[in-house]
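Open the model in your viewer and keep the selection tool at hand. The stops below say what to select next and what is there.

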Amino acid sequence: ARVDEFTEYKQALLYCGTWNVNAKGKEENLDEWICSDWGQDGRYAPDVVAVGFQEIVDLNAVNVAVDNKTQQRTQYWTERLRVTLNAPERVRGNPQENGYALL
C-alpha cells in the first residue's frame, strides 16, 4: 500500500546481446557489435547493457572438471567489455561517475 512512497518509474534504454567467443581470444571489435547505433556522441547509449558470453572455454571434460582456463579467459573478456563500454569517446565527464559498472 506504500508503493508510491518508495517507487519511482523512469524510462530506460536497454541493450541485451550474447557473444559466442568460441574459446578464442579474438581481437574482433566489440564496438561494432555493442556500440554501433549509440550515435557519434553517445546520445543513444543505453542505460543498461546486458551481455552474455558463450563458450568462453572449450567444453570438454578436462576444462569442466578442472576449471583449467576459465578464470583467465573470463578476465580477458570482462576487460574487453569494460574498455569497450567505457571508452573515452563514449563517457561524458568522469568515467568513474558516468561510465558503466560491470556486475
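**Salt bridges**

Start by selecting Lys-10 and Glu-8: they form a salt bridge, with the closest N and O atoms 3.6 Å apart. A salt bridge here is a side-chain nitrogen of Lys or Arg within 4 Å of a carboxyl oxygen of Asp or Glu. Lys-10 and Glu-8 are both exposed; exposed means over 50% relative accessible area, buried under 20%, and partly exposed in between (1.4 Å probe, protein chains only).

Before moving on, note that this is a predicted model in which local features need pLDDT of at least 70 and side-chain atom pairs count only at pLDDT 80 or more, while totals for chains, interfaces and linings use all residues. Residues are numbered from 1 along each chain as its sequence is written, and side-chain values use heavy atoms, with hydrogens and water left out.

How many salt bridges does the rule give? The count is three. Side chains of opposite charge can pair when their charged atoms come close.

Select Arg-2 and Glu-5 next, whose side chains meet in a salt bridge with an N to O distance of 2.7 Å. Glu-5 is found in helix 1 (residues 3-6) and has a relative accessible area of 53%, so it counts as exposed. Arg-2 is exposed as well.

Then select Arg-82 and Glu-79, a salt bridge with the closest N and O atoms 2.4 Å apart. Arg-82 and Glu-79 are separated by about one helical turn because they are three residues apart in helix 4. Arg-82 is partly exposed, at 35% relative accessibility, and Glu-79 is partly exposed at 37%.

**The chain as a whole**

Switch to a cartoon view. The chain has five helices and two strands, in the order α-β-α-β-α-α-α along the sequence. Helices (H or I, at least four residues) and strands (E, at least two) are DSSP runs, numbered from the N terminus. Of the 103 residues in the chain, 24% are buried. Among contacts between residues at least 6 apart in sequence, 68% join residues at least 24 apart, where contact means heavy atoms within 4.5 Å.

Is Thr-84 buried or exposed? Thr-84 is buried, with a relative accessible area of 7%. A polar atom of the Thr-84 side chain lies 2.8 Å from the backbone oxygen of Arg-80. Not counting residues up to four places away in sequence, Thr-84 touches Leu-30, Asp-31, Cys-35 and Arg-90.

Select Asn-86 next, in the loop between helix 4 and helix 5 (95-98). Asn-86 counts as buried, at 15% relative accessibility. A polar atom of the Asn-86 side chain lies 2.6 Å from the backbone nitrogen of Tyr-100. Leaving aside neighbours within four places in sequence, Asn-86 is in contact with Val-91, Gly-99 and Tyr-100.

Now show the surface. The largest pocket holds about 280 Å³ of space. Of the 14 residues that line the largest pocket, Val-49, Leu-81, Ala-101, Leu-102 and Leu-103 are the closest to its centre. Strand 2 (48-54) and helix 4 are the elements that give two or more residues to this lining, and strand 2 gives the most, with five. The lining divides into twelve nonpolar, two polar and no charged residues.

A pocket is an open set of points on a 1 Å grid over the protein atoms alone, where a 1.4 Å probe fits, with protein on both sides within 12 Å along at least five of seven lines; lining residues have an atom within 4 Å of a point.

Finish at the second largest pocket, with about 210 Å³ of space. The second largest pocket is lined by 14 residues, and Gly-42, Ala-45, Arg-90, Asn-98 and Tyr-100 lie nearest its centre. This lining divides into six nonpolar, three polar and five charged residues.

Note on methods
A polar contact is a pair of N or O atoms within 3.5 Å; within protein, one must be able to donate a hydrogen and the other to accept it, and residues adjacent in sequence count only if both atoms are side-chain atoms. Grid points are joined across faces, edges and corners, and a volume is the space filled by probe spheres set on the points. Ala, Val, Leu, Ile, Met, Phe, Trp, Tyr, Cys and Pro count as nonpolar, Asp, Glu, Lys and Arg as charged, and the others, Gly among them, as polar.
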